[in-house]
Amino acid sequence: MYAVSNRQISEAAGQGNNAAACYHFGTRADLLRAIEAKHRGPIEELRTRMLADVGQSTELRDWVSTLVRPLTDHLAALGTPSWYARFAAQAMADPKYRHVVTKDALTSPQLVQTIDGINRRLPDLPKRVRSERIVMVRNLLMHTCAEHEGALAEHGPRSRSSWPVAGEGLIDAIVGLWRAPVHVSAAAG
């Protein structure tokens, strides 16, 4: 994200003024927020529908699905090539922007409800382990989607599975991560 200049952003937007991005959005963090908000709306609409279907399910997989599928379904709807997953993964990898993205994401009642649903399915998981694993889940979700999106853009649809199949694989992996055994030293340390 740092490699892209304001001039390049203005040119891509068809603007002759190199300051157009700053004029319309303010700082880079504000531009990031605008891009995230553009995608967060459709993702949260999908999550809202899924939460209604999940109801009071006691199955961890159902709750993990409400975390994963809204993102992978949105990415599928964007078509190929798309750039959002790679953009979001870069933002999450940058300490300055990760704070902006995670703080804004947690303003979503649907995402908070999803995380609460996952937590209720894992009552015996120590708080420290839970905190570490949510970071692992976030990284697995974002970076796997970015890799998948990049491969589809570079090599076409025959190079990778479809987004729904990729989403199911991510759900399997994340459920496994949440259910992985906890060794006493990891929980206490």
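User: Which kinds of secondary structure elements does the chain have, and how many helices and strands are there?

Analyst: In this predicted model, the chain has 10 helices and zero strands, so that, read from the N terminus on, its elements run α-α-α-α-α-α-α-α-α-α.

User: How should I read burial, and what share of the residues in the chain is buried?

Analyst: A residue is called buried when its relative accessible area is under 20%. Here, buried residues make up 39% of the 189 residues in the chain, while the chain exposes about 10600 Å², of which carbon and sulfur atoms supply 57%.

User: Which residues touch the most other members of the largest nonpolar core?

Analyst: In soluble globular proteins, nonpolar side chains tend to be buried together. In this structure the largest nonpolar core has 39 residues, and those touching the most other members are Val-64, Leu-71, Ile-118, Leu-141, Cys-145 and Trp-178. The elements that give two or more residues to this core include α3 (28-54), α4 (60-78), α8 (127-155) and α9 (163-179), and the largest share, eight residues, comes from α9.

User: What does Leu-141 touch, leaving aside residues up to four places away in sequence?

Analyst: Contact here means heavy atoms within 4.5 Å, and on that reading Leu-141 touches Leu-67, Val-68, Leu-71, Leu-170 and Ile-174. For the chain, among contacts between residues at least 6 apart in sequence, 71% join residues at least 24 apart.

User: How many aromatic pairs are there, and what lies over the face of Trp-63?

Analyst: A search of the whole structure finds zero aromatic pairs, whereas the face of Trp-63 has Arg-120 lying over it, at 5.6 Å from the ring centre.

Notes: Residues numbered from 1 in each chain as written. Predicted model: local features only at pLDDT ≥ 70, side-chain atom pairs only at ≥ 80, totals over all residues. Heavy atoms only, no water. Helix = DSSP H or I, 4+ residues; strand = E, 2+ residues; numbered from the N terminus. Buried < 20%, exposed > 50% of the residue type's maximum accessible area, 1.4 Å probe, protein only. Areas by Shrake-Rupley, 256 points an atom, 1.4 Å probe, with all protein chains shown as cover. Phe/Tyr/Trp six-rings, centres within 6.5 Å; stacked < 30°, edge-to-face > 60°. Lys NZ or Arg CZ within 6 Å of the ring centre and 35° of its normal. Core = buried A, V, L, I, M, F, W, Y, C linked by side-chain atoms within 4.5 Å.
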